[in-house]
Structure formats: structure tokens, C-alpha cells
Amino acid sequence: VFQGRILVRRLVGQETRYEVEVKTPYRHRFPLVSREYVWVPNTCGCPPLREGGEYLLMARQHVNYERTLNRILLQEDGYARPWTPREDRLVREAARHC
């Protein structure tokens with residue numbers, strides 16, 4: 001779970017790749033750097049993320065069977081909400097209990 005700002009949206013084959021500036025990592029099980037690529041396995045724009053927008057994203061690490069591909073994946077039904085101070089407060093409160 002992290003707060004990020006969408007820098008660039010690009011269609012790559014049958015997937016969408018977002019370049020994201022990681023602003024605040026809340027809870028993560030894999031290391032995040034200041035800029036990451038977040039992949040969505042479709043080109044329809046689901047979930048709808050606009051360039052320049054800030055979002056609270058809950059993504060997962062995806063490693064293929066051959067262990068040659070390691071990326072951050074945001075599924076179509078993944079959690080992606082526009083970032084607000086309220087979202088920030090809710091995530092920080094939940095982190096104390098998890």
C-alpha cells in the first residue's frame with residue numbers, strides 16, 4: 001500500500017504501464033524505490049488512473065514461474081482510490097492494527 005502520483009501512462013502490448021512517483025509507502029512486503037512501474041493487465045483503463053493524479057494504491061508483487069519477471073501489479077479490481085487526507089488517516093489507523 002502506498003501513495004503515488006501518476007507520471008506517465010503507456011500501453012504496452014495488451015497491458016498498461018504506469019510510471020509512478022512513490023510519495024509515501026505505508027505497508028509493503030517488497031522494497032519500493034522513489035519511482036516505480038505499476039502494471040495493469042488490460043488496456044481498458046480499469047482502474048481509471050489519470051496522469052498527474054495522486055492515488056492510494058494497493059498492489060502486489062508479481063513474479064513469473066521462471067523468476068525472470070518481477071513487477072508491481074495492480075489488478076483490475078485492485079484498490080486504487082484518489083488520495084485524500086482522509087485516506088491517509090484511515091491507512092495509518094489500519095496499520096496500527098495490522
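**The largest pocket and the overall fold**

The largest pocket holds about 300 Å³ of space. A pocket here is an open set of points on a 1 Å grid over the protein atoms alone, where a 1.4 Å probe fits, with protein on both sides within 12 Å along at least five of seven lines; the points are joined across faces, edges and corners, and the volume is the space filled by probe spheres set on them. Seventeen residues line this pocket, and the closest to its centre are Val1, Arg27, His28, Met58 and Ala59, where a lining residue has an atom within 4 Å of a point. Strand S5 (60–63) and helix H1 (85–97) are the elements that give two or more residues to the lining, and H1 gives the most, with three residues. The lining divides into twelve nonpolar, two polar and three charged residues (Ala, Val, Leu, Ile, Met, Phe, Trp, Tyr, Cys and Pro count as nonpolar, Asp, Glu, Lys and Arg as charged, and the others, Gly among them, as polar).

The model is predicted: local features need pLDDT of at least 70, side-chain atom pairs count only at pLDDT 80 or more, and totals for chains, interfaces and linings use all residues. Residues are numbered from 1 along each chain as its sequence is written, and side-chain values use heavy atoms, with hydrogens and water left out.

The chain has one helix and seven strands, arranged from the N terminus on as β-β-β-β-β-β-β-α. Helices (H or I, at least four residues) and strands (E, at least two) are DSSP runs, numbered from the N terminus. The radius of gyration of the chain is 13 Å, which agrees with the value near 13 Å for a compact globule of 98 residues (taken over C-alpha atoms; the globule rule is 2.2 Å times the number of residues to the power 0.38). Along its principal axes, the C-alpha trace spans about 40 × 30 × 25 Å. Of the 98 residues, 37% are buried (buried means under 20% relative accessible area, exposed over 50%, and partly exposed in between, with a 1.4 Å probe and protein chains only). The accessible surface comes to about 6500 Å², and 49% of that area belongs to carbon and sulfur atoms (Shrake-Rupley method with a 1.4 Å probe; for residues, only the protein chains shown count as cover). Among contacts between residues at least 6 apart in sequence, 54% join residues at least 24 apart, a contact being heavy atoms within 4.5 Å.

The loop between strand S1 (2–12) and strand S2 (15–25) contains Gly13 and Gln14. Gly13 is exposed, at a relative accessible area of 62%, and Gln14 is likewise exposed, at 64%. Gly13 and Thr43 are 30 residues apart in sequence, with their C-alpha atoms 8.4 Å apart. Beyond its neighbours within four places in sequence, Gln14 is in contact with Pro41, Asn42 and Thr43.

Arg5, in strand S1, is partly exposed, with 27% relative accessibility. Neighbours within four places in sequence aside, its contacts include Glu19, Glu21, Lys23 and Glu54. Asn70 belongs to strand S6 (residues 70–73) and is exposed, at a relative accessible area of 53%. Arg5 and Asn70 are 65 residues apart along the chain, and their C-alpha atoms are separated by 21 Å.
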